[in-house]
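This briefing looks at a pocket, some backbone features and several helix pairs. Please keep the structure open while reading.

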Amino acid sequence: MRNSSPVSEGLKEEGINFETFDALFEKSRSFDTLAKNIAKQVRACKGDVCYCVEGGVSEDRAAHLLIGKGGVQVVEGVSRAAKFAAEAGLFGAYTAVSAYELCEKEPCFPLVIYDLTDADLAGDVKLYLTERCGDEAEAFFVRSDGKKRIALYELDRQEDYTGAGVVVYDVPLLEKKRFTFDDCVAILKRLRAPDGCPWDRAQTHESIRINALEEAYELVDAIDRKDPERMCEETGDVLMQALFHALIEEERGGFTVGDMTSGLCAKLIGRHTHVFGQDKAAGADGALSVWDKNKMAEKHQTTFTQSVNDVPEGFPALLRAQKICKRMAKGGFPETGFAETKARLDQIAGVLEQMHAAGESAAAANALGDCLMVVVQLGRLTGLDCEQALLDSCNKVRRRYEEFEKMVLADGKAVNALTEEERMRYYVEAVRRV
């Protein structure tokens, strides 16, 4: 309770002597520190002490600390949140939270926020709420002397924040300007409902499985293009695919969206024991080692063979080869140096040439696969990503061909009617330009 609060003014009018904690409020670094300092000072007092709070006891952190020590009698008052809700005409269920704690939570609407003490704090609350509701969302700014209807962007433009709070109603789905994760789930459930979208209702895990790959590749393409607007759209599409599969399974009585998010959070905590546990990690490599160790324990993998066999068969072949080689190396599989591996590539390329000349297609295919695997090993030895290197080469070759054809057409010739000498001349020039 501060000296300038409405409660303090009421005690003065009644002629009741009291002492405020204004000095502690000014010197405390945070709301938590303030609560600890107040509780400490109250416990240090001799005899019977009455610690008064504004609003309900449940809304005061220092009161929580005092009650936790025992020997305290609680005389509950009228909650500020309940008073604000009544002022704004809000009845029934709602979430009540202090403005100081708002950013630590993900509250549900309708929402009643108390402890709105000044314009700076109101600005923080405004940013939090407009991210979820939009600038123009309607709210009630409430004080002890009444209320007024405002748009959220006006929250930090009020004249007086004494005893202030804000009440934000829930907005019907179709009237929202901003949406949350729960809204995504609600929309997909509506589409899958008996009276929903016939196409969405007809889908199964199998019918949309390829969509997950397509959306993931579109996200990767947006990242490669350094296009944040497309990245925003494509991350949403990837999320939609994950939710779609979770809802299909939920309808079948399998896992739920809650199971999915719970499993993800448990995995993140369990594999980051250097953050949430007792493990230590020096740098990114150390963190990755901790992750791999925890991953094997989580999957009950007692051998590295199990880890190697766990690489998904649906991966593109080059990416799968990289993963397999990486996991074998972690399991002690011997690796030769660069020179020896290069010599091995030359040797297998010779076998490939011989099998091709002899018309032995099966043996040639086997040798070609071995060649590609050795190239992957060369990538590991040089610390390079084979998948990315091949993608870069694809783009380079594509641009070179584009330049090649453009030069040929500019000279009034057809690409398939060139002499060998002309073809090489255009090719060399295309390589020089790209």
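Helices (H or I, at least four residues) and strands (E, at least two) are DSSP runs, numbered from the N terminus. The model is predicted, so that local features need pLDDT of at least 70 and side-chain atom pairs count only at pLDDT 80 or more, while totals for chains, interfaces and linings use all residues. Residues are numbered from 1 along each chain as its sequence is written, and side-chain values use heavy atoms, with hydrogens and water left out.

**Second largest pocket**

- A pocket is, on a 1 Å grid over the protein atoms alone, an open set of points where a 1.4 Å probe fits, with protein on both sides within 12 Å along at least five of seven lines, and lining residues have an atom within 4 Å of a point.
- The second largest pocket holds about 640 Å³ of space, the volume being the space filled by probe spheres set on the points.
- Its lining has 25 residues, of which Phe109, Cys133, Asp170, Val171 and Lys176 are the closest to the centre.
- At least two lining residues come from each of α6 (119–133), β3 (138–143) and α7 (181–192).
- By class, the lining has 13 nonpolar, one polar and eleven charged residues, where Ala, Val, Leu, Ile, Met, Phe, Trp, Tyr, Cys and Pro count as nonpolar, Asp, Glu, Lys and Arg as charged, and the others, Gly among them, as polar.

**Backbone features**

- Most residues other than glycine have a negative phi, and most peptide bonds are trans.
- The peptide bond from Phe109 to Pro110 is cis, with omega near 0 degrees, and Pro110 sits in the loop between β1 (95–98) and β2 (111–114).
- Asp115, although not a glycine, has a positive phi of about 65 degrees, and this residue lies in the loop between β2 and α6.

**Helix pairs**

- Axes are lines fitted to C-alpha atoms, for helices over the stretch in contact (heavy atoms within 4.5 Å), and angles run from 0 to 180 degrees between N-to-C directions.
- Angles under 35 degrees count as roughly parallel, over 145 as roughly antiparallel, 65 to 115 as roughly perpendicular and the rest as oblique.
- The axes of α16 (residues 338–357) and α17 (residues 361–382) come within 9 Å and cross at roughly 165 degrees, which means that α16 is roughly antiparallel to α17.
- The crossing of α16 and α17 is left-handed, a term used if the near helix is turned anticlockwise from the far one by less than a right angle, with right-handed used if clockwise.
- The contact of α16 with α17 comprises 16 nonpolar, four polar and three charged residues.
- For α7 and α10 (residues 228–251), the axes come within 10 Å and cross at roughly 55 degrees, and the two helices are therefore oblique to each other.
- α7 passes α10 in a right-handed crossing, and the residues in contact include Phe181 and Leu188 of α7 and Leu243 and Leu247 of α10.
- By class, the contact of α7 with α10 has ten nonpolar, no polar and four charged residues.
- The axes of α15 (residues 317–330) and α18 (residues 386–410) come within 9 Å at a crossing angle of roughly 150 degrees, so these helices are roughly antiparallel to each other.
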